[in-house]
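Have a look at the sequence and the 3D structure below, and turn the model around a few times. Then we'll go through what can be read from it.

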Amino acid sequence: MFFLDSQLFNAVATITTGLIVVFVYKLEKRKEKRDGATIVLMEIRNAENSIRVIKDYGIIPNVPIAILPTNSWLKFNHLFVKKFDRDELESLNNFYNQCSLAQREVERLNSFVPIAMEEKAKVIYPKLLKLAEKYADKDAEHNLSDSSDYTRERKKILATYYGEREYFLPQQPIDDLLKYVNNIENISISTAGRKLKRIAGVGF
């Protein structure tokens with residue numbers, strides 16, 4: 001009882017509590033770093049895959065693509081500043097900066113797609129209407145769908161426009177996007193990428 005009431009016990013209890021708090025804090029920080037590194041790595045991998053598709057196949061019409069929809073490096077980079085040297089930090093910052101510029105051009109192109117579809121529809125529908133009027137005048141007693149000539153010509157019009165995959169997209173955003181992606185190098189295989197993998201505890 002004397003020990004429990006003594007100043008020594010209070011001091012030991014205080015130190016023990018402090019050590020536990022520090023230990024828990026370090027565990028939480030380690031987990032935060034691991035989770036942050038994992039998120040950044042996944043983001044880098046997704047960006048590199050999208051860039052590879054663009055480099056190999058160009059801009060694929062009707063296929064949505066995103067290079068860097070979110071920038072987790074801005075959120076987590078403070079966790080890794082002491083883990084990387086200056087060159088590694090510069091390469092990571094450059095990768096994300098270039099990906100952000102490329103993503104901006106992707107979003108510009110995506111914004112043109114609905115407009116391009118509307119413009120295409122403005123061309124198609126008058127032709128279909130004119131065709132319907134032509135065959136309606138020829139044989140008003142029969143349903144248009146019963147006319148093989150009408151059906152054949154209608155399919156031909158639709159195939160001409162909808163069979164063409166490409167929209168009328170402006171060339172400047174495409175050129176800018178290709179310029180950016182061609183200047184982006186894979187960061188996942190660099191020394192910075194290997195360090196991120198070690199922090200995340202992964203081998204991919």
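Predicted model: local features only at pLDDT ≥ 70, side-chain atom pairs only at ≥ 80, totals over all residues.

## Contacts across the chain

Take the contacts in the protein chain between residues at least 6 apart in sequence: 80% of them join residues at least 24 apart.

The protein chain averages a pLDDT of 76, and 64% of the residues score at least 70. Among the elements, helix α4 (residues 148-162) has the lowest mean pLDDT, 71, while α2 has the highest, 92.

## The overall build

What is the secondary structure made of? You'll find six helices and zero strands, so reading along the sequence gives you the pattern α-α-α-α-α-α.

Of the 204 residues in the protein chain, 28% count as buried. The chain exposes about 13,900 Å², and carbon and sulfur atoms supply 57% of that.

In soluble globular proteins, nonpolar side chains tend to be buried together. Here, the largest nonpolar core has 31 residues, and those with the most contacts inside it are Ile67 and Leu196. Five helices each supply at least two residues of this core: α1 (7-57), α2 (72-76), α3 (86-138), α5 (171-182) and α6 (191-200). The largest share, eight residues, comes from α3.

Now zoom in on Leu196. Which residues does Leu196 touch, leaving aside its neighbours within four places in sequence? They are Ala37, Val40, Leu41, Ile44, Phe80, Phe84 and Leu92.

## Phe76 in helix α2

Phe76 sits in helix α2. Is Phe76 buried or exposed? Its relative accessible area is 10%, and the cut-off for buried is under 20%, so Phe76 is buried. Beyond its neighbours within four places in sequence, Phe76 is in contact with Gly36, Ile39 and Val40. Val40 also turns up in the list of contacts for Leu196.

## One side of α6

In α6, the buried residues are Ala192, Gly193, Leu196, Lys197 and Ala200. Why do they lie on the same side of α6? Because they cover an arc of only 140 degrees around the axis.

What comes after α6? The helix is followed by Gly201, whose phi is positive, near 75 degrees.

Glu88 lies in helix α3, and Glu88 counts as buried because its relative accessibility is 6%. A polar contact of 2.9 Å joins the side chains of Glu88 and Thr191. Leaving aside its neighbours within four places in sequence, Glu88 is in contact with Lys83, Thr191, Ala192 and Lys195.

At 17% relative accessibility, Gln98 falls under the 20% cut-off, so Gln98 counts as buried. Apart from its neighbours within four places in sequence, Gln98 is in contact with Tyr180, Asn183 and Ile184.

Note on methods
Residues numbered from 1 in each chain as written. Heavy atoms only, no water. Core = buried A, V, L, I, M, F, W, Y, C linked by side-chain atoms within 4.5 Å. Buried < 20%, exposed > 50% of the residue type's maximum accessible area, 1.4 Å probe, protein only. Helix = DSSP H or I, 4+ residues; strand = E, 2+ residues; numbered from the N terminus. Contact = heavy atoms within 4.5 Å. Arc of directions from axis to C-beta. Polar contact = N/O pair within 3.5 Å; in protein donor to acceptor, adjacent residues only side chain to side chain. Areas by Shrake-Rupley, 256 points an atom, 1.4 Å probe, with all protein chains shown as cover. pLDDT = per-residue confidence, 0-100.
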